[in-house]
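Good morning, and thank you for joining this meeting. I shall take you through the overall build, the aromatic pairs and some backbone details.

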Number of protein chains: 2
Amino acid sequence: MKGEKNMKRYKGYLVDLDGTMYKGKIRIEGAAEFVEHLEGKGLPFLYLTNNSSKTADQIADKLNHMGVRAKPEQVYTSSLATAEYISSEKPEARVFAIGEEGLFDALEKKGLKLVKERADFVVMGIDHDISYEKLARACLEVRAGAALVSTNGDIAIPTERGLVPGNGALTSVISVSTGVSPIFVGKPEPLIMSRALKRLGYEKEEVLMVGDNYNTDIKAGMTAGLDTLMVETGLSTFEEIKHYDHQPTYKYKDLHEWMRR
Amino acid sequence: MKGEKNMKRYKGYLVDLDGTMYKGKIRIEGAAEFVEHLEGKGLPFLYLTNNSSKTADQIADKLNHMGVRAKPEQVYTSSLATAEYISSEKPEARVFAIGEEGLFDALEKKGLKLVKERADFVVMGIDHDISYEKLARACLEVRAGAALVSTNGDIAIPTERGLVPGNGALTSVISVSTGVSPIFVGKPEPLIMSRALKRLGYEKEEVLMVGDNYNTDIKAGMTAGLDTLMVETGLSTFEEIKHYDHQPTYKYKDLHEWMRR
């Protein structure tokens, strides 16, 4: 990737976490330096994650523990975007939610009412304590007219054991049973992108989306009209995407290479 | 439905349970009399149910308690058909199963090995104690090469509270997450029908399929080449199916009307 001297300068960055900053509990090569590089140049950025289970505080803590600088206000999760979306549709809406702390915290902080019946919205986020009763209640509420919103459509989550079900797979219980299609909020959907840009305070042309996953990070950037940088430190490889019609704006093995360009 | 004096005489019957013999804990009008009628004429029949959670003994007990005569060997469940199917594919196969007593009992009685890893088959039946860990294990086994078999594809189950998720909806977590399509065994699939006919000992032309649910019972009968009798005592109505291309052989409001014809 030579001859990119005239590469566009971006005013802000949206940076994926899993596969870009860390893998499980391990920091990815170049992650800390990339963040220091952005901060050194005074370039604002947001960490943008489909992870709905953790709060922004918890994720910032995790990053700091790994040696990657992060403030809670720099973390934007699919749960935060979901809560903002619902609040914009109907302030103080009644919400039946399935999920973990990050989702409940985000919904409550937006002033939404967590209920078990007569919900305006059923919201689904990853829940490692999922139960038949929770899914049954969600189906009954959707059949009674509640809109179905899902934090993200990821079908699988990489773990040390292999690929386990993601929130998109869990959400399918409700959509298959009721025949109602969910509104997905997280990457690659535009809903999370427009809110992240607004929070960052820049236009799409001024921001670079950085991530490892072609189907979420890169597609999210492309769909929302941002330039994209794909790194090969996570899920997708350049080999597997080489024949795709739509290519990332930049492809670099890792963030070291990107900074060194 | 006059002028059916020359109606075909059937040598055997396959009779649905939920919506045909009972609704929840309540016996349906004409159910007990219909069974007495068949027994009085010495006509063999099987109760044919997609319910995978109960054993044949438990279901026969339930029917007898309701005043509908039933022997365990007259009950054929999707779990029994699933166990027979897997055993015919690979005797003594290693099976990772999610389900309830009816499924585990059927698999064990067929000599299949219930395992948690290195499974040849992942089998999914309704499980009111479903958990993320069970679904995760199922996905890992399917990704490692296990075939995915599901007792039945019912997307919803009618209850006093309304329609709650059926096994087909739960199975979608695994199929959506792994991209592997399940082999469904229960109605309307031909797998359960061919096994039920074999157990009854008659050819498809000699047997009448009786049920209330167009999408499971009647389609199952049609697909397997049986004549079908649809009653209106359960889920489907004649009104909603009136424009369908494929109609049941007979339509009677209830089993009393059928016997009185």
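A residue is called buried here when its relative accessible area is under 20%, and exposed when that area is over 50%, with partly exposed in between. The model on the screen is a predicted one. By that cut-off, A:Tyr10 is buried, because its relative accessibility is 4%.

Let me begin with chain A as a whole. Chain A contains ten helices and 15 strands. Its radius of gyration is 18 Å, close to the 18 Å given by the globule rule for 261 residues, so chain A is as compact as a globular protein of that length. Along the principal axes, the C-alpha atoms of chain A fill a box of roughly 60 × 35 × 35 Å. Among the 261 residues of chain A, 54% count as buried. If one takes the contacts in chain A with a separation of 6 or more, 64% of them come from residues 24 or more positions apart. The accessible surface of chain A is about 11600 Å², and carbon and sulfur atoms hold 49% of that surface. As for charge, chain A has 35 positive and 38 negative charges, whose mean positions lie 2 Å apart.

I turn now to the aromatic residues. Over all chains, the count is 14 aromatic pairs. One of them joins A:Tyr10 and A:Tyr250 in an edge-to-face arrangement, with 6.3 Å centre to centre and 80° between the planes. A:Tyr10 sits in the segment before strand 1 of chain A, whereas A:Tyr250 belongs to strand 15, so this pair ties together parts 240 residues apart in sequence.

In chain B, another edge-to-face pair is formed by B:Tyr214 and B:Tyr244, at 4.8 Å centre to centre and with 65° between the planes. Here too distant parts of the chain are linked: B:Tyr214 is in helix 8, and B:Tyr244, 30 residues apart from it, is in the loop between helix 9 and strand 15. B:Tyr214 is buried at 5% relative accessibility, while B:Tyr244 is partly exposed at 34%.

Back in chain A, which residues do ring pairs link into a cluster? They are A:Tyr10, A:Tyr13, A:Phe34, A:Tyr250, A:Tyr252 and A:Trp258.

Finally, the backbone. Most residues other than glycine have a negative phi, and most peptide bonds are trans. With that background, A:Glu92 has a positive phi, near 60°. A:Glu92 lies in the loop between helix 3 and strand 6 of chain A and is exposed, at a relative accessible area of 54%. In chain B, the phi of B:Glu92 is likewise positive and near 60°, and B:Glu92 counts as exposed at 53%.

Beyond its neighbours within four places in sequence, A:Ala93 contacts A:Ile86, A:Leu112, A:Lys113, A:Asp120 and A:Phe121.

The bond from A:Lys187 to A:Pro188 is cis, with omega near 10°, and A:Pro188 lies in the loop between strand 12 and helix 7 of chain A. A cis bond also joins B:Lys187 and B:Pro188, with omega about 10°. Thank you for your attention.

Notes. Residues numbered from 1 in each chain as written. Chains lettered and ligands numbered in written order. Predicted model: local features only at pLDDT ≥ 70, side-chain atom pairs only at ≥ 80, totals over all residues. Heavy atoms only, no water. Helix = DSSP H or I, 4+ residues; strand = E, 2+ residues; numbered from the N terminus. Rg over C-alpha atoms; globule rule 2.2 N^0.38 Å. Buried < 20%, exposed > 50% of the residue type's maximum accessible area, 1.4 Å probe, protein only. Contact = heavy atoms within 4.5 Å. Areas by Shrake-Rupley, 256 points an atom, 1.4 Å probe, with all protein chains shown as cover. Lys, Arg positive; Asp, Glu negative; His and termini not counted. Charge placed at Lys NZ, Arg CZ, Asp CG, Glu CD. Phe/Tyr/Trp six-rings, centres within 6.5 Å; stacked < 30°, edge-to-face > 60°.
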